[in-house]
Structure formats: C-alpha cells, structure tokens
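User: Got a model here and I'd like to check the labels against their criteria. Can we go through it?

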Amino acid sequence: MFIVKHRAAFYLLSVLLLVASLSAVAVFGLNFGIDFKGGSIMEVEYAAERPDIEVIKLDLDVNPAFRGYSVRPTGEQGFILRTPFLEGSGHADALTVLSRGGTVPLTETRFDAIGPTVGKELRTKALFSILLVILAIVLFIAFAFRKVSAPVSSWKYGLMAVVGLAHDVIIPVGLFAVLGHYTGAEVDTLFVTALLVILGFSIHDTIVVFDRVRENLRRNSEKGIRETFEETVGKSISQTFARSINTSLTTVLALVALYVFGSHSTQHFSLALLVGIIAGTYSSIFIASPLLVTAEVWQRRK
C-alpha cells in the first residue's frame, strides 16, 4: 500500500526524469551513427606506439573527402575514425593517413560504410519498428484483459502500460543525448535493438503486476471480499514486488558485467539496456500500476 498511497511522489520523480531527458534531447540532439546518417567508420590498432592525434588531424584536414570527420583514441593503441561516406580510393587514403604513409604499422580491425540513402531508410525503419511494437503491445494487453471491465476498462490497462513504456524509452534516449554531446556516444542500430529489448522486458514486468490485479479482482468477486481498488492494486504490487526486483536484479548484474568486461563495441549497448531495464522495473511497480488507481479515482469523480 505504501507505493499506491504515496504514488504522487513517484509520479513527480518520473516527471523530473522525463523533463530532464526531453530537455537533453532538445538541447543536445542525438548523435546518430553512420547506420542512420550514412558515412564510414574505421577502427585501427597500432603494433607499437600510437601516433600523435594532432598530427593525424593535420593530415586529415587537407583532404576534402574527410570533411566533417572525427577521430578518437580507443583502447591503449587505437583510433576510431568517422568520416563522410568514403568512395573510390577514400578507404585507402584514410589508411595511408592513419599509418603515416605506411611508416607506422597498424591493423585495421573494423571498417563499415553506409550511404546516406540507406542510412535514412534504416532510420525510418527503426522508428516504425518501435511504433509497431508499442501498437502490438497495446492490442495484446487490450485483448488479454478484455474480460476486465470494472472498475477500470481493459483499454486503460493498455494505456497505462504505454505510458510506462514511453517512460522507459525516453530516459535512455535522454541519457544518450547527453553522452553523445560530451563523449560522442552514437545512436545506432544496436541502440534501437536495446530499446526494443527494453520494451519487451518492461511490458513483461508490467503484465505480471496487472495480471495479479486481475486475479485479485476475480477472487474478491467470487469470495465476496469487500476491498477498494486502491487496496487491491496495493496488495497486487506487494505480492509481485520481490519477484520483479529479483528478476531485474539478476539481469542488471549480468549487464553490469557485460559493460565492465565486455568489448568497447558493446559497452553502449549494455549501458542502454542497463538504464532502460532499471527504468522499466521502476515504472512497472511505481508508475504503471498506481496509474490504474489514479484512472479509477478520476473515473469515480466524474
């Protein structure tokens, strides 16, 4: 009952997080990777000492094919070079610059190039995939809870779940807007994959609580138990609280290990998942379910 009774405080916390996240996106924007805006990315590892980055930049500056590039150190002896879409001899020219004309031995560990048209198409598909998943979730919940019509109708369960999902997606997006501005973290297809995983994980957690609410409502009706909807939701949250926390905690521990010990290429993916799953666990318990009570209170006052 504590969570439902003090739901206004939890709503306020979420509103503050959402405002901060949306403000970050509005101020900094998102740093889209080459998957979405097109371009080339090259990662190299030097056999010995890494050349001075300022010297590399001087060589890159003189070639118009690299206009708008960014080069960042990675690991102990590597560089990541991002450039516009390289065509023709552009790839070889980049390697020549990074190897100082072939005098500094290096190994190319990654090279990806995506044209701007393909990047735009991928960005559109990524947005549609997220919207379709949310729509499918709403329809599924409305169907699964179709026999629950009182005290709140089934479509409101779906609506509250979507509010929770929006909360879970916006927070990691806001975080990556900040990281993109200060560290160059990119929003790429891996990030979109992380958002889709977050949607699936979060809705699973929310449905567990909603399902318990439905069971308790049916049990109260069958046994003639007189209980307010607020008490029923509070009891349902208490009955599922430990399960939700324990399930999320095991996942969070695995993601922390992946972030700390995993490769550089998966660090942002694991970070997005980590933040999203924590936000999802919070919203399932502290936002989506109490919102059912708020909806019921508003409905009763009409």
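User: What makes the crossing of α8 with α9 right-handed or left-handed?

Analyst: Bear in mind that this is a predicted model. A crossing counts as right-handed if the near helix is turned clockwise from the far one, and α8 passes α9 in a right-handed crossing. The axes of α8 (residues 189–223) and α9 (residues 229–261) cross at roughly 150 degrees and come within 9 Å.

User: And which residues make the contact?

Analyst: The cut-off is heavy atoms within 4.5 Å. Among those making the contact are Phe-201, Val-208 and Leu-217 of α8, plus Phe-229, Ile-237 and Arg-243 of α9. By class, the contact of α8 with α9 has eight nonpolar, 10 polar and four charged residues.

User: Why are β2 and β4 called edge strands?

Analyst: The order in this open sheet of four strands is β2-β3-β1-β4, with antiparallel pairing. β2 (70–74) and β4 (106–114) each pair on one side only. From one strand to the next, the twist averages 15 degrees.

User: What does helix α4 touch on the sheet?

Analyst: Helix α4 (residues 53–61) packs on the sheet and touches β1 (39–46), β2 and β3. The direction of α4 makes about 155 degrees with that of β2.

Conventions
Residues are numbered from 1 along each chain as its sequence is written. This is a predicted model: local features need pLDDT of at least 70, side-chain atom pairs count only at pLDDT 80 or more; totals for chains, interfaces and linings use all residues. Side-chain values use heavy atoms; hydrogens and water are left out. Two strands pair if DSSP finds at least two bridges between them. Helices (H or I, at least four residues) and strands (E, at least two) are DSSP runs, numbered from the N terminus. Axes are lines fitted to C-alpha atoms, for helices over the stretch in contact, and angles run from 0 to 180 degrees between N-to-C directions. Ala, Val, Leu, Ile, Met, Phe, Trp, Tyr, Cys and Pro count as nonpolar, Asp, Glu, Lys and Arg as charged, and the others, Gly among them, as polar.
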